[in-house]
Amino acid sequence: MKMRNPPVNSLSLEFLTELLISLEKLENDKTFRGIIITSDCPGIFSAGLDLLEMYGRDPAHCAEYWKAVQELWLRVYLSNLVVIGAINGISPAGGCLLSLSCDYRVLANNPKYAIGLNETLLGIIAPFWFKDVLVNTIGHRAAERALQLGFLFPPSDALQVGIVDQVVPEDQVQSTARSVMAQWLAIPDHARQLTKNLVRKPTADRLLQQRDADIQNFVRFISRDSIQKSLHVYLEKLKQKKG
Ligand SMILES: CCCCCCCC/C=C\C/C=C/C(=O)SCCNC(=O)CCNC(=O)[C@H](O)C(C)(C)COP(=O)(O)OP(=O)(O)OC[C@H]1O[C@@H](n2cnc3c(N)ncnc32)[C@H](O)[C@@H]1OP(=O)(O)O
């Protein structure tokens, strides 16, 4: 699955909906046993959640958006398919969550391709289920530092901390992802799927048990004046960077 939402594969409501529909189709087609998620935007896996879906929007829109974000996460995280991330670009925040929700992550060795939950750098916080997935992946202490400082790990650090499973030369990302897929597909589906569910269900259940409250918390948080100001400042910084 090649993500194509130029210029930066931001996860807008429309793009999330497209991804959800595509995933659902693949899940329902029994001829598919695995997917490799990668990007069609040069140098960018995904810029994460679309800031314009959270800035200057009314509460109803923010609620609709957050529901779609939750939906995509649950679908990827709990997918019965083998999901491999072929991460061929930078993946901050929501892009990192998408990567972390794969069963295996292969990152291209380019110092620009940083990965991490950088929410604090935007003046916002990573929701508890983003945090849970990071803690599950790199452990409590490393996650505690990474989350507070908004670390974006370059490939060598990402491998060391375990946020990705493999770092390979850029031209080998897709072929490596395909070899990894072959290994994973050698395992009988039912055994692998039940095991995946056993490991991941408690984390997903934490959100499933309080989805509506999570949406309300998000809407309240993102609608605060101080948070809207932080988003404004961050968006201005992105604009100014262009010069
Ligand atoms: C009580 C508790 C309640 C809990 C509440 C929890 C709330 C938590 C809420 C949300 C969690 C947030 C998760 C996220 O994912 S936030 C997004 C994080 N993403 C980033 O920080 C990346 C920002 N982008 C960049 O750093 C760069 O754009 C880049 C490195 C990805 C690419 O750089 P470059 O190629 O130089 O492109 P430009 O910077 O020029 O960007 C092109 C164009 O795209 C716009 N843009 C970039 N990123 C985003 C984005 N994430 N959303 C929307 N738009 C984006 C950028 O502004 C440019 O636009 P243009 O000027 O109009 O061309």
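Trainee: Which residues does D214 touch, not counting residues up to four places away in sequence?

Mentor: W66, Q70, F128, W129 and L207. Each passes the contact test, heavy atoms within 4.5 Å. This is a predicted model, where local features need pLDDT of at least 70, side-chain atom pairs count only at pLDDT 80 or more, and totals for chains, interfaces and linings use all residues. Residues are numbered from 1 along each chain as its sequence is written, and side-chain values use heavy atoms, with hydrogens and water left out.

Trainee: Why is D214 called buried?

Mentor: Its relative accessibility is 7%. Buried means under 20% relative accessible area, exposed means over 50%, and partly exposed is in between, using a 1.4 Å probe and protein chains only. D214 therefore counts as buried. The residue sits in helix α9. Helices are DSSP runs of H or I with at least four residues, strands are runs of E with at least two, and both are numbered from the N terminus.

Trainee: How far apart are D214 and L231 in sequence and in space?

Mentor: They are 17 residues apart in sequence and 20 Å apart from C-alpha to C-alpha.

Trainee: Q70 is among the residues D214 touches. What makes Q70 buried?

Mentor: Its relative accessibility is 0%, so Q70 counts as buried. Q70 lies in helix α2. Beyond four places in sequence, Q70 touches W129, L207, R211, D214 and I215.

Trainee: What makes the Q70 and R211 side chains a polar contact?

Mentor: The distance is 2.9 Å. A polar contact is a pair of N or O atoms within 3.5 Å; within protein, one must be able to donate a hydrogen and the other to accept it, and residues adjacent in sequence count only if both atoms are side-chain atoms.

Trainee: How do you know that the span of α2 agrees with its residue count?

Mentor: The expected span is 1.5 Å times one less than the number of residues. For the 19 residues of α2 that gives 27 Å, and the end C-alpha atoms are 27 Å apart, so the two agree.

Trainee: What do the buried residues of α2 pack against?

Mentor: α1, β4, α3, α4, α8 and α9. The buried set includes W66, V69, L72, W73 and V76.

Trainee: Why is N88 called buried?

Mentor: At 14% relative accessibility, N88 counts as buried. Its place is in the loop between β4 and β5. A polar atom of the N88 side chain lies 2.9 Å from the backbone oxygen of S39. N88 also touches T38, G43, I44, F45, A108, Y113 and Q174, among others.

Trainee: What lines the largest pocket?

Mentor: There are 41 lining residues, with A47, L49, L51, Y234 and L238 nearest the centre. β5, α4, α9 and α10 each give two or more. α10 gives the most, eight. The volume is about 1200 Å³. The classes are 26 nonpolar, seven polar and eight charged.

Trainee: Which residues lie nearest the centre of the second largest pocket?

Mentor: C102, D103, K196, V199 and R200, out of 17 lining residues. The pocket holds about 310 Å³. α8 supplies the largest share, six residues. The lining has six nonpolar, five polar and six charged residues.

How values were computed:
1 Å grid on protein atoms, 1.4 Å probe; cavity = no way out; pocket = protein on both sides within 12 Å on 5 of 7 lines; lining within 4 Å. Points joined across faces, edges and corners; volume = space filled by probe spheres on them. Nonpolar A, V, L, I, M, F, W, Y, C, P; charged D, E, K, R; others polar.
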